[in-house]
Amino acid sequence: MSDYLVIVESPAKAKTIERYLGRKYKVKASMGHVRDLPKSQTGVDIENQYEPKYITIRGKGPVLKELKTAAKKAKKIYLAADPDREGEAIAWHLAHTLNIDENSDCRVVFNEITKDAIQEAFKHPRPINKDLVNSQQARRILDRLVGYNISPILWKKVKKGLSAGRVQSVAVRLIIDREKEIGQFIPEEYWSITGQFEVNNEIFAASFYGADGKKLDLSNEDEVKSILNRIQGKDYLVQSVKKRERKRNPAAPFTTSSLQQEAARKLNFRAKKTMMIAQQLYEGIDLGGAEGTVGLITYMRTDSTRISETAQTEAYQYIESEFGKEYTSKNEKKTEKKSVNAQDAHEAVRPTSIVRTPNSLKTVLGRDQLRLYRLIWERFVASQMAPAVMDTMTVDLGNEGVIFRATGSKVKFPGFMKVYIEGTDDNTTDDNNDDEDKLLPAIEEGMTVSSKEMDPKQHFTQPPPRYTEARLVKTLEELGIGRPSTFAPTLDTIQKRGYVALDNKRFIPTELGTIVHDLIIEFFPEILDLEFTAKMETSLDLIEEGQTNWVEVIDEFYQGFEKRLRVAEKEMQEVEIKDEPAGEDCEQCGNPMVYKMGRYGKFMACSNFPDCRNTKAIVKEIGVKCPTCKEGNIIERKSKKKRIFYGCDTYPNCEFLSWDKPIARVCPKCSGLLVEKKSKQGMQVQCTNCDYKEEPQQ
């Protein structure tokens, strides 16, 4: 008989914790929530203070039976679910189910699954925090009221299987608004002039900056000609040389949001995958030998960049030992909360022990586990290191009042850059820009340099980029919409519903998503109002802090929402999503094929459904004639591993294939085939036949 029963959410977590507590403790897993609102009805008693009607989740009977049996044998029960709103709610539901007094010292929380953290946590059990529970409960009820009231209207008026949600609807709105911006964008012409200059037999580049002491932008070719005509001779006077030292601070340790963003940029991980692997690293990995199963990172759902003193001390010692004292951070780190409604309940996401280097774990971690752990470890180590120091140099060259400017930089002291550099939304790191050594020759004010070549180039402004997962998560966080735990499931849901699709890893709205969005914005504008949604998140935070009543928050929302529901029921017109003729007949029964809308976008199906269930993927033409046979058209295809490539539609008669997307222009230099090729700076158009290249488009 065990003296103590500890209940956590997952078997992996249970296995790790049991090792640290000794024989008197038995650790069992609840497998997540044991109670929830019923799926068959709204499950909220609106007339009775929005009282939720919780039921045992289907399939959880055997788990509960096992927990009840174990509970009867235990002298004391501890509830050790995750240290957040959701974990507190799981503990509360377990307390109700197992008849545990929620005001007793039954709740144990820890931010990392290590021996010291677990043993310390069990010295300080506490009652269940009802404010945290109420905050989670309020979110659950709000989402249920929105989803279970709007969705049936959408089923009736548009199509079965649709849904609407507070955060997912806002995410779809952002994607649609961005697509409208792109569609309405009018490119503006601008020009640049880059000159090659020589001094003391060394060549360096400088760009046109301005004239007569003022910065100027060149908007057309006439202005470029005017500037070039104004220049007299090839000699330029060095008008000024400015040298300065610039410090660059490391990025803060990871929050949930920044972890999802950086994993998308550097590892090409979807948000859902990042959180799944982070969960594994948090709950415990079997390291073998004396260590056994150990949690490798701290809790991965957090808005805070705070680091414990113990972790800071350990990092200081490691950095001093590995790199030298000059690489340690001499000043205390400022850990500002980044998001509008950031919570500081937990530490940042960091390794539980900095001494467990990624290389030391190569034999025990899977490939993706190791890659994510390395990212977290390197980011944390770098965050505790000294700033990088750059020597920068700016040189202005003058000729008849025309100014060209050259800039150079040199890493004087690498600091944190020795370990890690933060990525950007275009899968590049800042060091690809100005942090690499870009040295200028020894130049002094008053010297004369000569120009060797002038290269004027025409450019056009680019539309705002579509959202990648990283960009969308960042935007939602900046707007204060959703919580760390909601970002990944939100992005997953809007794709599963068929409201958006990913094209070249960027979100585009589907026809269905646009239809649903337009209906919601007409009849439920507050659901899509960014300020309203962010304010609701603030209200949920205030409930958690015990500063406002959860029933009042829900009631304030529902009073206006109910009126809009009645209007929508009466006035929302039915939207018929007609099947478009596909222009070909079914090869199985001869009836016309039509385009249908599915959860993954459009596909072809027989119009004689359900008698004929023939379906086909849509052949996507890209508007380019085959350069090999000159007769066929280039179409988009997919390999067995779902990788997109391009081929001739007359295959196998013509075997043209390309991994890069051909475009409908010919090379101006040799009339060869132009393709879009990925580069670190973005998509670049280049010729497959000669060395012609265009400026990358991000």
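Visitor: What makes the contact between the side chains of K75 and D3 a salt bridge?

Guide: The model is predicted, so local features need pLDDT of at least 70, side-chain atom pairs count only at pLDDT 80 or more, and totals for chains, interfaces and linings use all residues. Residues are numbered from 1 along each chain as its sequence is written, and side-chain values use heavy atoms, with hydrogens and water left out. A salt bridge is a side-chain nitrogen of Lys or Arg within 4 Å of a carboxyl oxygen of Asp or Glu. The N to O distance for K75 and D3 is 3.8 Å, so the pair qualifies under that cut-off. K75 lies in the loop between α2 (61-73) and β7 (76-79) and D3 in the segment before β1 (4-8), so the contact ties together parts 72 residues apart in sequence. Helices (H or I, at least four residues) and strands (E, at least two) are DSSP runs, numbered from the N terminus.

Visitor: Why is K75 called exposed?

Guide: Exposed means over 50% relative accessible area, buried under 20%, and partly exposed in between (1.4 Å probe, protein chains only). K75 has a value of 67%, and is therefore exposed.

Visitor: What makes β8 and β9 a pair of strands?

Guide: Two strands pair if DSSP finds at least two bridges between them. Here 6 bridges join β8 (residues 189-199) to β9 (residues 202-211), which run antiparallel. T194 has S207 in β9 as its bridge partner.

Visitor: Why do β23 and β26 count as edge strands?

Guide: An open sheet of 4 strands has the order β23-β24-β25-β26, with antiparallel pairing. β23 (620-625) and β26 (657-658) each have a single partner strand, so one side of each is left without a neighbour in the sheet.
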